[in-house]
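Here is a short report on one protein chain. Keep the sequence and the model in view while reading.

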Amino acid sequence: MCSAEGLLNRESFGTSDPYVIITDPSGKQVLRTPAMDGTLSPEWPASKSTIAIPVAARDDALRFCVWDSNTVKDDVMGEAVISAEEALLAVGRPGGSTLRVPLKPRINEPDAKIREASSLGTLTVAFSADPSQPPQQQQQVHPQQQVANP
């Protein structure tokens, strides 16, 4: 699925333990990666961060919300929204199928630390498309790990 870098540390003591929740175009959570302990530049293992997500239209959006895992309450670290069109264009681009996108506050973000941060970091997501369909008909994207480093 992805890696991230330059994440905003949400911990008072220590370093954040980020994980990603992927939401499909209907708003349904389709994947939660494992939390990566004590890092602001996580790389999630492909075996635990790859999923096929069918999409009905190229303007459908996939949401990637990064969270800091905590014992009591998890804290949001930022969100990236990628359209199926952007993902499919990345797949067809010579030289790679990854998108590197800046994390932003969620719409109507209640947390001032997130709203006011100058940078929340970046998320890198690798995509592939359903190879059983011709490129002009592909309507399924597969977010996957860019670098497998468990």
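## Overall make-up

Residues 24 or more positions apart supply 60% of the chain's contacts with a separation of 6 or more. A contact means heavy atoms within 4.5 Å. This is a predicted model: local features need pLDDT of at least 70, side-chain atom pairs count only at pLDDT 80 or more, and totals for chains, interfaces and linings use all residues. Residues are numbered from 1 along each chain as its sequence is written, and side-chain values use heavy atoms, with hydrogens and water left out.

The chain holds two helices and nine strands. From the N terminus, the order is β-β-β-β-β-β-α-β-α-β-β. Helices (H or I, at least four residues) and strands (E, at least two) are DSSP runs, numbered from the N terminus.

Of the 150 residues, 45% are buried. Buried means under 20% relative accessible area, exposed over 50%, and partly exposed in between (1.4 Å probe, protein chains only). The accessible surface of the chain is about 7,700 Å². Carbon and sulfur atoms account for 50% of that surface. Areas come from the Shrake-Rupley method with a 1.4 Å probe; for residues, only the protein chains shown count as cover.

## The four-stranded sheet

Four strands form an open sheet in the order β3-β2-β5-β6, with antiparallel pairing. The edge strands are β3 (29–32) and β6 (75–83). Each has a single partner strand, so one side of each lacks a neighbour in the sheet. From one strand to the next, the twist averages 20°. Here axes are lines fitted to C-alpha atoms (for helices, over the stretch in contact), and angles run from 0 to 180 degrees between N-to-C directions.

Strands count as paired if DSSP finds at least two bridges between them. β2 (residues 18–23) and β5 (residues 61–68) run antiparallel and share six bridges. Ile-21 has Cys-65 in β5 as its bridge partner.

How many of the eight residues of β8 (residues 122–129) are buried? Seven are, so the strand is largely enclosed by the rest of the structure.

Two antiparallel pairings involve β8. Strand β1 (residues 2–5) pairs with β8 over four bridges, and Glu-5 has Thr-122 as its bridge partner. β7 pairs with β8 over five bridges. Arg-100 stands opposite Thr-124 in β8.

## Helix α1

Helix α1 spans residues 84–92, and its buried residues are Ala-84, Ala-87, Leu-88 and Ala-90. These residues cover an arc of only 155° around the axis, so they lie on the same side of α1. The arc is taken from the directions from the helix axis to the C-beta atoms.

Leu-89 and Gly-92 are exposed on the other side of α1. Gly-92 has a relative accessible area of 62%. The C-alpha atoms of Gly-92 and Ala-129 are 9.1 Å apart, although 37 residues separate them along the chain.

The disulfide count is zero. The rule asks for a pair of cysteine sulfur atoms within 2.5 Å. Cys-2 is buried at 0% relative accessibility. Cys-65 is also buried, at 7%.

Most residues other than glycine have a negative phi. Asn-108 has a positive phi, near 60°. Asn-108 sits in the loop between β7 (98–102) and α2 (112–115). Is Asn-108 buried or exposed? At 73% relative accessibility, Asn-108 counts as exposed.
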